[in-house]
Amino acid sequence: MEVELYVYDLSQGLARQMSQSFLGVHIDAVYHTALVFGGIEYFFGAGIQQTYPGATHHGRPMEVALLGKTDLPMEVILEYLDSLKQIYTMESYDLFTHNCNNFTNDFAIFMLGKGIPDRITSLPQTVLNTPFGQLLKPQLDNAMRGITQAPVAPAAIPPQQRQSTVSNGISSSHPPPRETNASQRNGVNATSVFPTGQVHYATTVKKLDMLLDSAKSSCAVIFFTSATCPPCKLVYPAYDELAAEAGAKAVLIKVDLSEAYEIGSKYQVRATPTFMSFLNGKKENEWVGASEGQLRGNVRMLIQMAHPPHPHTNLRLRTFQRHHKAYLYTKIPPLEKLIAKMGPGGSSPAVTALKDFICTRQVSGASDAPLPDLPAIMTFVLNSAESMPTDSLFPVIDLLRCALVDQRVSGYLAAEKSHHTIRKLLSKPTSLDPDCPWS
C-alpha cells in the first residue's frame, strides 16, 4: 500500500514573502502535513482527524510526495493509530512543540521505518531560534489554533468515521453525531446518539444540554478546562480512564472554555479545572482543582449513587474479587549510571537521543517528548549486540526497555519485519552458557 505525504502552507504564501523582514531568516512556508493511504487523509489538529484526500479546509496541498510503501495490514495500522490517540489529543496541540508534523513523522516511522523531511520537522526550532520568534510564540500559537484545529466538514468525513465522536479524548471529526428522530433529540435512547465509554466534547449550550438530557436517569460529570490550563492536563488521562470505566453508567463531558464562552457564562465557571456532577438530572456537586484522587473518588461515588450495587457484591469473596493487572516495569533507573556502564558506546548520539527522550517523557509526559530517530537507534542496538561485551550490552537493553513503555517505540518494534531487533537481542542471552543466570 502506497503512503503519500501531503504538505500544506498554513500561511498561504505569506511566510515566503515576509519571514525575512520579521524573523531575519527566510522560511518557505508554515508547514502542515498529513499522511494519505487507503483513500483516507490522516492528520493531527482537533485530535487525530480523518478526511478524504485534499478535502480539508487547508485547500489543495502545495506538495504531494510518495514516502514509500508499507506491507503492514490495515488492522495493525489502525490499532497503532488508536494508541496514538492517547498522545495526540486536542488539548495537547502546540504549534511549536507538539503539532501535526510531529504526528505525521511518528506515524510515518511506524509504517515505513523513516520519517518526513527534516526541513519540515525542524521549522519550529528555526523560528524559536530567532528573538522575534521567542517573543511571539504564545501569540502565534493562539492565533493559529483556529486554523490548525478547525473542524472537518461533515461531507468530507469518510462514512465509517462520520458517527465517531471522541475516543480516549480524541475526536476523528468535530461535529456532533447526527440525530435520527425526535425521541433522540429529547435525550431518549441517547446511547444510540452518543457512544458510551468515552469522553464527549461540548462547545455549545445545545450540545451540552443534549448530553445532560441523555443522563437524566443516571449521572453526568462536566470537566471545565482550558487550552491554557497546565494543571488540567494532569488529570486528562484519569478522566479518560473514568469514562471507559463508567461505560453506559455515566456521561463524562469535557468543555474547553477558550472555545465555549457561552457555556462558561451560563454555569458561572471562574477557574479551571472545575468539575460539576449531576445525579438524575440535578446538580449534585462542584469542586475545583487538579486532584486525581479527588476526581476518581467523586466520580466513582457518583456512579455508585446512580447505580447502587447488588447486595451480593458486599460478600467477601476475595478470590473472585481480586483484580489481575499486568505489571509494567515503568520505573526509570539512574540513566547516567546506566550509560556509564556501556563504556565507549555510551557516548553514541543514539544513546544520547534515547536518554533525552526517556527523560523528557518521564518529566513532561509523552505529548512533550518528540520521537527520536528510531531507525538510527535500532541500528546502534543491533551493532551493540554484535560487538559489545555482554556486561556492556545489558545496560543498552535496559535503556531500550525504558523507552518501550512509550507505545510509539513498542509499536515500531512490533511492526518491524521479522522482528529482527528483538530476536537479535533475545538470541544473545539464550546463546550463553547454561550456568549463566541471564540465559
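I started at Val-409, which counts as buried because its relative accessibility is 1% (buried is under 20% relative accessible area, exposed over 50%, partly exposed in between, with a 1.4 Å probe and protein chains only). I kept in mind that this is a predicted model, where local features need pLDDT of at least 70, side-chain atom pairs count only at pLDDT 80 or more, and totals for chains, interfaces and linings use all residues. Residues are numbered from 1 along each chain as its sequence is written, and side-chain values use heavy atoms, without hydrogens and water.

**Entry: around Val-409**

I found Val-409 in helix α18, residues 407-414 (helices are DSSP runs of H or I with at least four residues, strands runs of E with at least two, numbered from the N terminus). Setting aside neighbours within four places in sequence, I listed its contacts as Phe-357, Leu-371, Leu-374, Met-378, Ala-403 and Leu-404 (contact means heavy atoms within 4.5 Å). I also looked across to Ile-109: 300 residues separate it from Val-409 in sequence, yet their C-alpha atoms are 9.7 Å apart.

**Entry: the cores**

Next I checked the largest nonpolar core, which has 40 residues (a set of buried Ala, Val, Leu, Ile, Met, Phe, Trp, Tyr and Cys joined through side-chain atoms within 4.5 Å). Leu-35, Phe-37, Phe-103, Phe-107 and Met-111 have the most contacts inside it. Helix α3 gives this core its largest share, six residues. I looked up Phe-103 too: beyond four places in sequence, it touches Tyr-42, Phe-43, Phe-44, Ile-48, Leu-81, Leu-84 and Tyr-88. Apart from this core lies another, of 30 residues, and Val-409 is among them, as are Ile-339, Ile-377 and Cys-402.

**Entry: the second largest pocket**

I then turned to the second largest pocket, with a volume of about 650 Å³. Its lining counts 27 residues, and Ser-11, Ala-15, Leu-23, Val-30 and Leu-140 lie nearest the centre. Which elements give two or more residues to this lining? I noted α1 (14-23), α3 (100-112), α5 (123-128) and α6 (131-148). The largest share, six residues, is from α1.

**Entry: the whole chain**

The chain has 19 helices and 12 strands, and 48% of its 439 residues count as buried. Among contacts with a separation of 6 or more, 70% join residues 24 or more positions apart.

How values were computed. 1 Å grid on protein atoms, 1.4 Å probe; cavity = no way out; pocket = protein on both sides within 12 Å on 5 of 7 lines; lining within 4 Å. Points joined across faces, edges and corners; volume = space filled by probe spheres on them.
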